[in-house]
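Thanks, everyone, for making the time this morning. I would like to walk you through one structure, so please take a moment to look at it before I go on.

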Amino acid sequence: MITETYRGVMDMLEYKKILVPVEGSPKGELALKKAIFVAKRNHAHLDILTVIQSSRFLDVYGHMGSNMDYVEVSLRRAKEYVEDLKDQIKRKYDFEDVEVYVEAGDPKAIIATEMPEKLGTDLIMMGATGLNAFQRAMIGSVADYVTRVALMDVLLVRTELDNLPYSK
């Protein structure tokens with residue numbers, strides 16, 4: 001009985017679709033590096049996502065107004081960023097099973113529910129919050145939200161590649 005339970009648990013731990021949200025921070029890129037190793041070990045597919053928070057571009061009346069050019073530039077830069085990450089992963093880590101996505105909207109909802117549902121994600125790996133205590137109290141972190149709402153496993157990366165505490 002223990003052996004059957006153990007095999008069942010081991011099957012569950014074979015993640016096949018890993019989602020990694022990145023935003024250009026060192027913690028986000030550290031989470032991506034760890035996710036690459038997890039994906040390789042599990043022969044899993046890796047999805048890299050960056051989300052442009054569209055509410056940042058609205059004026060006080062809730063309209064996009066003259067900010068549309070800035071939105072387009074931001075989306076183009078975000079796409080270049082994740083495409084560059086994809087190329088680096090293929091070249092540096094010899095890992096080909098990777099796709100990239102750029103979305104605009106609420107990062108919390110997109111990372112916790114929308115993209116995982118769309119992509120069939122079974123593990124989200126992301127950097128722990130970079131917010132200070134005041135910012136977390138005022139707006140809450142995306143990582144906190146994702147860990148509470150996501151329906152799949154969420155791994156918050158807090159340590160370096162060799163699992164030593166993260167240092168700035």
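I will begin with the nonpolar cores and then turn to a pair of helices.

Please keep in mind throughout that this is a predicted model. The largest nonpolar core has 24 residues, and those with the most contacts inside it are Ile18, Val20, Leu32, Leu46, Ile48, Ile89 and Met125.

Let me return to Ile48 for a moment. Once we leave aside the neighbours within four places in sequence, Ile48 is in contact with a list of residues that includes Val20, Leu32, Val82, Leu85, Ile89, Val98 and Tyr101, and Glu99 is also one of its contacts.

Now to the helices, where the axes of α4 (residues 107-119) and α6 (residues 142-149) come within 9 Å and cross at roughly 30 degrees. Since angles under 35 degrees count as roughly parallel, α4 is therefore roughly parallel to α6, and their crossing is right-handed.

Which residues meet there? On the α4 side they are Pro107, Lys108, Ala109, Ile111, Ala112 and Thr113, and on the α6 side Val142, Tyr145, Val146 and Val149. The residues of this contact divide into eight nonpolar, one polar and one charged.

Methods:
Residues numbered from 1 in each chain as written. Predicted model: local features only at pLDDT ≥ 70, side-chain atom pairs only at ≥ 80, totals over all residues. Heavy atoms only, no water. Axes fitted to C-alpha atoms, helices over the stretch in contact; angles between N-to-C directions. Helix = DSSP H or I, 4+ residues; strand = E, 2+ residues; numbered from the N terminus. Parallel < 35°, antiparallel > 145°, perpendicular 65-115°, else oblique. Left-handed = near helix turned anticlockwise from the far one by under 90°. Contact = heavy atoms within 4.5 Å. Nonpolar A, V, L, I, M, F, W, Y, C, P; charged D, E, K, R; others polar. Core = buried A, V, L, I, M, F, W, Y, C linked by side-chain atoms within 4.5 Å. Buried < 20%, exposed > 50% of the residue type's maximum accessible area, 1.4 Å probe, protein only.
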